[in-house]
Amino acid sequence: MSDRHISQHFETVAIHAGNTADPLTGAVVPPIYQVSTYKQDGVGGLRGGYEYSRSANPTRTALEENLAALEGGRRGLAFASGLAAEDCLLRTLLSPGDHVVIPNDAYGGTFRLFAKVVSRWGVEWSVADTSDPAAVRAAITPKTKAVWVETPSNPLLGITDIAALSHVAREAGAKLVVDNTFASPYLQQPLALGADVVVHSLTKYMGGHSDVVGGALVVGDQELGEELAYHQNAMGAVAGPMDAWLVLRGIKTLAVRMDRHSENATKVAEMLTRHARVTRVLYPGLPEHPGHETAAKQMRAFGGMISFQVEGGEEAAVEVCNRAKVFTLGESLGGVESLIEHPGRMTHASVAGSLLEVPADLVRLSVGIENVDDLLEDLKQALG
């Protein structure tokens, strides 16, 4: 029976898809095939389809099958980083002269890739508020080949209606690309809502333990999957076997972790809304969030990411970050430990001076799975 038919329940699929017991020993965890090349059964006679680990590796294959199953896709591809996955996607979809609509709130590394790298070989891009389908439609040109979305977005936690935007993109003959890193496939499945491509930084919630860097693409169209696989091999930024194994291990507990991340974040967000020094809380789980209803419609829960603004401006926000003790001051997100950062000076420094510049008084939290009372007390003392 195929892995994708083991169960329709996410928690079971996360543990079993791609994780076939080793035929030699019966090991229930896929081995780490730390190997570069494979003995062939005669010239051109590939054993199991493997010849060289840039082209394919059994540990990476297990992860890619797992990713496809979790997102309900036909093909999953694992890369050395999230940006490597994005680069492969863009060079597969686009040619010089093409155009992409990107969100007005996006990860700084994604913006840098468009503004400083992709634009150098003749790809044009424009910015739109992706929470407003009319704004996206207005930004589309006859040359638009892709509409890029993050939902929830980084770092302002904006919400985009994936189903609505899929219609806008389809009308224009463009691909809808959804970065699902903040939600993970446990909370949200963009392909089922009409997206063409799902992007992940596997470094974050999928790995979940701040010990691996990786990226992924998942698609529902087999032909597009083959094109991406060709470019993945041709460009070579693949996930190594140890990295693939670590992500597979992390995915097994994704569901229980995301439940706890979401539960803790909800309590943290509610506390922050009551704090005298906090001027604004950005969390889609709050009823007052402008994207709350859309998020409730397309997400299982609201995730572990929160951003908030503090009175006193940039220096006050930096001081809150520096005073935290249980929250670790650091970039990245999605690990079991809670992180705090100042986006303007850290993860989003690359968007300074652009249409994507973030507020100087903004603090971003990745709420971990520690005891929530410890997290609340830490933030209270950090805020003073």
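Trainee: In which hand does α3 pass α4, right-handed or left-handed?

Mentor: This is a predicted model. Helix α3 covers residues 82-93 and helix α4 covers residues 108-117. The crossing of α3 past α4 is right-handed.

Trainee: At roughly what angle do the axes of α3 and α4 cross?

Mentor: Two packed helices are described by the distance between their axes and by the angle between them. For α3 and α4, the axes come within 11 Å. Their crossing angle is roughly 35 degrees.

Trainee: Which residues of α4 meet α3, and how many residues in the contact are charged?

Mentor: From α3, the residues involved are Leu83, Glu86, Asp87 and Leu90. They meet Gly109, Thr110, Arg112, Leu113 and Phe114 of α4. By class, the contact has 4 nonpolar and 2 polar residues, and the charged ones number 3.

Trainee: Which strands are at the edges of the sheet of 7 strands?

Mentor: The sheet is open, with mixed pairing, and its order is β1-β7-β6-β5-β4-β2-β3. From one strand to the next, the twist averages 20 degrees. An edge strand here pairs on one side only, as do β1 (75-79) and β3 (124-128).

Trainee: Across which strands does helix α2 lie, and at about what angle to β1?

Mentor: Helix α2 is made of residues 58-71. It lies across β1, β6 (197-201) and β7 (215-219). Its angle to β1 is about 130 degrees.

Conventions
Residues numbered from 1 in each chain as written. Predicted model: local features only at pLDDT ≥ 70, side-chain atom pairs only at ≥ 80, totals over all residues. Heavy atoms only, no water. Axes fitted to C-alpha atoms, helices over the stretch in contact; angles between N-to-C directions. Helix = DSSP H or I, 4+ residues; strand = E, 2+ residues; numbered from the N terminus. Left-handed = near helix turned anticlockwise from the far one by under 90°. Contact = heavy atoms within 4.5 Å. Nonpolar A, V, L, I, M, F, W, Y, C, P; charged D, E, K, R; others polar. Pairing = 2+ DSSP bridges.
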